[in-house]
Each structure stands twice: as C-alpha cells, then as structure tokens.
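Hi,

Here is the structure I promised to pass on to you. Have a look at it first, and then read on for what I found in it.

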Amino acid sequence: MLTYIIRRLIGAIAMLIVISMVTFGIFFVVPQWAGSSPEAMASRYVGRAATPETVHLVAQKLGFYDPVIVQYGRFAKGIVAGAEYDYGAGVEQCPAPCFGYSFISGQPVWPDLLDRMPVTFSLAIGAALLWVLGGVSVGVISALRRGTFFDRLSMGTALAGVSLPIFFTGMLSLVVFSYGLGWTPPGGSWTDFTENPAQWAFNLLLPWITLAFLFAATYARLTRAGMLETMGEDYVRTARAKGLSERDVVVKHGLRAALTPILTLFGIDFGLLIGGAVLTETTYTLPGLGQFAILAIRNQDLPQVMGVVLFAACFVVVASLIVDLLYAWVDPRVRLS
Amino acid sequence: MTAPLDVSGSASEARPESVLEGAGKAVQGRSLSRIAWMRLRRDKVALAGGITVILLVLVAIFSSPIISLLGHPPLEFHQDQIDQSTLLPKGDFGGMSSEYLLGVEPVNGRDIFSRIVAGAWISLLIGILATLVSVVIGTVMGVIAGYFGGWADQIIGRLMDVFLAFPLLVFAIALAGVIPDKGFGLEGNGLRIAMLVFIIGFFSWPSIGRIVRGQTLSLREREFVDAARSLGARNGYILFREILPNLMAPILVYATLLIPTNILFEAALSFLGVGINPPTPTWGGMLSEAVRFYTLPHFVLFPGLAIFITVLAFNLFGDGLRDAFDPRAH
C-alpha cells in the first residue's frame, strides 16, 4: 500500500509540473511566437504611459530577455519558495505561493485566490451532496424498475438534463423564481457561512439545484447502466441464493460494484468544480474563483490567469489522487497491479 | 396397407436451392452496418433525433436563403420596432409577428429568428469540425497506444490523464481569450472560428482516444489479425486494412456523441464572451446578451431552446446509434 501511495504521489506531482509548464508555455511562450515582444509584455506591468526606456528596464528586471527555461525556473521557484521583486526603489517580498502581482490592481494574486475560495467551495459542496444523493438513488431505482414509467420518465429527464446548458437553466430559474415569483434572492446574492448560515444556504439554493440537476442527470444515467450490469452478475445471484435480504443484495453487492466508476468521475467533477464553477458563477454572478478567472481573462491579467488555472488544476489532481487512494483501499486489485 | 407415399410431385421441387430461395431474404449475409441500420430503423426515438439532426444541418446550410425568405438580415437594426422610452420591443410577446417570427431584440430590434438561424450555422460548423479534429487526434493516438502498446501506450495514457485533469473550461477560456485578431492568414471571426475548432477539438480528443485504444487492444488479439500477420502482412497493412475498418463503427458512434458536447462547449465560450465576436450571431452570445433583460423571457428562451433541441437531437441519435451497434444491447 505504501509503495502505491508513494507512486501515486510522485505521479500527482509530475502531473502538476507538466500542467504548470503547459500553462506557462501558453501565456508566456505562445504570445512571443505570435510576435509579442518582451517590451510589449513588460509594458503591461508599467502601464501605457511609460517611456520606452522604462519599459525596457522593467522587461530586463522581470527577465523577459532570458531564455524560456530560465523564465520558467523563476516562475516555478516563486510558487514553491516565494520571490523577491527589485523595483529599484526597494525590494518587495512575495511570500511562498507567489503567482506574482495583478497587472490591474497591483495586489499579489495568492490572497485574492484564497478570498474567492469559500464561495466556490460552498457552491460545489452543496451541489455535490444533492447530485450524488439524487443522481445515484434515481439511477438505482431506474435500474431496479427497468422499463416502468418511473424509469422512462427519469431517464428522459436525465437525457434532457445533459442536453441543457447550465447558463440556460440558470437564467430560466432566475427569470421564474427570482424575478417572476420572487421566492429566491436575485443573482449576485452571497452571504458568508460564518455570518449567517441560514442566509448562506438560502442564497445558494437556486445555484445548488441548477448545478446539481446537470450533474445528477449524468450520474443517474451512469448508475443505471452500472447497476443493470452488476445486477446480472453471478455473485449477485449467489447473494440472493444464500438468502440475503433484497436490500443487502442491492446495496452491498450491486451498488457497491456499480459505484466504482462513479467515484472516479466524482473525483474529477468535484475537483474541476472547486477550481472554478465558471458558468454557474457567471450566470448567478457569484464572486467565486470561476468569476475571478473570467474577469482576469477579460482584463488580460496574466499573473491572475496563470494563478487561477494552476490553482484549479491542483484541485483536480488532488481530488483524483484521493479517489485513487480510496480505490486502492476498497479494491486490493488496484494497488497490486 | 398403407398408401404409397406420393413423392413424385414434391420431390422434384425439393431442391436444396429452393430452401435457400424461400428464405433468401432473411438469411442474406448481413454486415454489421446492415444489422445496425435494421435496429436503428425500429428505434423511433433515435430516428426522430436523426431526422431533427438532418433538418438542423439543412437549416444551417441554407441559412441565408431561409433568412432572406422568412426574416430580416441578422445584423440589421429595426429601431421602429423598439419603444424608445423603455428600449423594449413595442409589440406583445417581444414583438412577435408574421414579420418578425420570434420577435425582436431589445434596444436595437434585430430579428431574433434570423439570428437563431444564422447561429445554427456557426454552432454546427464549430461542433462538427471540432469533433473531426478530436476524431483524427483521438484515433491516431488510440490506435498507436492500443496497437503498439509498451512505452507508447504508457506515454499516451499519461497524456490522456493530464488532459482529463486539466481544468478544461478555464483553460480553454484563457486560451480563447488570448487569440490575436490576425494570424495564419486569417482575420477576425474567420480566425476565431478556426482557433475555436482547434481548441475545442484539441481538448476533447481523450474521450475518443480511450475508446479507440480499448477497441484496438481487443482487435489486435483477434484471429483475422493473426491470420494477416502469419501471411506476412506489415504493420501498416494490418492497421489500415484490418484494424481501422473495424474501428469505424465505434468512432462513428462516439463522434456523434461528441458533437453535442462540443456544441455546448462553443455555446459556453460564446456565452462567456471569449467565443465568436459580436455582432456575428451565436446562440451562446445571444444568451449572454439576454442576461440584462430578465423581464423578456422570449429573449432567453429562444436561443436556449435552440441549443437544447440541437444537443438533445444529437444525443438521442447518438444513443440510438450506440445501441444499434452494440451486440449486447438486444
């Protein structure tokens, strides 16, 4: 087990390094291929009014004339060990996870990312609870009642669910429930959990349900397919033959086997979501990481964009690492292969 | 005394061939695609999806004649349809009339019907071309990984893991956001369409790659491949003549199922404002403009329904196609 954990850990770290390289490449190397000069990139740091000499100086200070490898090394070191920026007038310390400073506000990127975290996390955790419980139970019932009205109705709804973009369902929900009926708060409502938990949940209710509906549809379809397959297995018949109650057969033998692929998917989905529920946050104007990413991209604020992309990638890698380890714990075949 | 068996009449007719002739229609050699087609024909829901897909493609191809026949140019302003004090459409139901079938947009009064029809062209074009890109990359990668195995499989497998772990949407948005206005001999939205096709296709190849790899892995061990190899066939011959033709069915199925995903992807990018630039009409872009007009449900409803119907039609057809090709499904 220990070797397996170590192997997966190394794999995860390697993955993060590759992702950081690709991210760096896209934002620093591709623009240079496309003809953006070091001066043009440096001018973003100093503003439009600067003289060519200042720009040249800043480009030199930020190391835009160095080879790409050196530039990447400096970037990676900033994240791991922090960085120092020498502005001539004084040295500025940028502590450990240093993603640099925003072009627009001049603030360090990392604290901004942390500020946005609770919103996205609240959104993801509530929705995940709803969609896992809802999707899996609907899938199980559909599989057990195959061909009945319930099965057809729920699978029809699920197919519609995977075909509906979240920004459309989100907007419809706002039109109907917030602006039409006035039952739920308008878009952009956010209260911190520590401030008022009831208000927190009330504000997030609509985003939770809309987001959960989208995912529940996929999970219901997958659970149903998995259950249909496992319930036909010999060991399920054996379990029935030895006189287990139907509930035990379904839950302990059928569902348990059907859940493994769903667990993998959940790891990736949840990781992706914590890294920024871009569409949901844009639709409901929630101040989370996804909205942060969109704003950063609109403003062409490279340090912020890189920060949020890497931050998001971290969550996916960590989430799938946890899932893999859980897997190995549940199923001995995984860690032995 | 038993009556002698009268064999004279029927015996002459009892040629083995006649048996075959009589049953000829049923026992005809049936290829996989023929079986699939027979199954698909019985699947009413999938057929409905398929017919809708064909209709949508026709609408997309003939979008300009349709618009000139039934609507107004999608970029044309119709201020006369707008109440200048509220900036909302004058008529009821968002200005729906025989002249403006689905009403007009607030503020500038553009014809929503024409914009939906014109948006179909962009949506399907990007959805289908991006799928082609992923199919090509996915097939090449999947076949190499599955057929050669070993370190090629290791590397490609890891690569697919990396792609699956990427925060794709954030990444694609970031990438789409830095597209220059000019490059590769293209300009403006032409370049954006090309780049979006590439970005979307490039990020969604692992799903096809996985399927192709799995299929190749099992095909490689089949008798006909052994037979070809024992006759002295080279890898190239085996790949193109023995394996690839057998991959066509799964590739077709999963490509059909990838198109709706890619259409949603494009809609999401346009919704977020990093897809096709306005004023060129796209469904996602129309939805993002509708955000400001919550009091006008039709403005939200029509582009949303257009996306929904298109994606649903492709999903229904793709699901049916998969069941038709799946030997276990019946």
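Chain A has 14 helices and two strands (helices are DSSP runs of H or I with at least four residues, strands are runs of E with at least two, and both are numbered from the N terminus). Of its 337 residues, 38% count as buried. Here buried stands for 20 or more other C-beta atoms within 10 Å of a residue's own, exposed for 12 or fewer, and partly exposed for anything in between, with C-beta atoms placed from the backbone.

Before you go further, please keep in mind that this is a predicted model, in which local features need pLDDT of at least 70, side-chain atom pairs count only at pLDDT 80 or more, and totals for chains, interfaces and linings use all residues. Residues are numbered from 1 along each chain as its sequence is written, while chains are lettered from A and ligands numbered from 1 in the order in which they are written.

On confidence, chain A averages a pLDDT of 81, and 87% of the residues score at least 70 (pLDDT is the predictor's confidence in each residue, from 0 to 100). Within chain A, helix 5 scores highest with 89, and helix 14 (residues 332–336) lowest with a mean of 63.

As for contacts (two residues whose C-beta atoms, placed from the backbone, lie within 7 Å), 65% of those in chain A with a separation of 6 or more are between residues 24 or more positions apart.

One helix pair deserves a look. Helix 5 (residues 109–144) of chain A packs against helix 12 of chain A at an angle of about 130°, and their axes are 8 Å apart. The axes are lines fitted to C-alpha atoms over the stretch in contact, and angles run from 0 to 180 degrees between N-to-C directions. The two helices are therefore oblique to each other (under 35 degrees is roughly parallel, over 145 roughly antiparallel, 65 to 115 roughly perpendicular, and the rest oblique). From helix 5 of chain A come A:Leu113, A:Arg116, A:Met117 and A:Thr120, which meet A:Leu289, A:Gly290 and A:Phe292 of helix 12. By type, this contact has four nonpolar residues, two polar and one charged (nonpolar: Ala, Val, Leu, Ile, Met, Phe, Trp, Tyr, Cys and Pro; charged: Asp, Glu, Lys and Arg; polar: the others, Gly among them).

A:Thr285 sits in the loop between helix 11 and helix 12, and its phi is positive, about 40°, although it is not a glycine. Most residues other than glycine have a negative phi. A:Thr285 counts as partly exposed because it has 14 C-beta neighbours inside 10 Å. A:Gln304, in helix 13 of chain A, counts as buried because it has 26 such neighbours inside 10 Å. Leaving aside residues up to four places away in sequence, A:Gln304 touches A:Ser102, A:Val109 and A:Ala296.

Chain B also has 14 helices and two strands, and 40% of its 330 residues are buried. Helix 11 (residues 223–230) of chain B lies largely in the open, because zero of its eight residues are buried. After helix 11 of chain B comes B:Gly232, with a positive phi near 95°.

Finally, how do the chains meet? The contact takes 37 residues from chain A and 34 residues from chain B. On the chain A side, helix 13 gives the largest share, eight residues. That side divides into 32 nonpolar residues, five polar and no charged.

Happy browsing!
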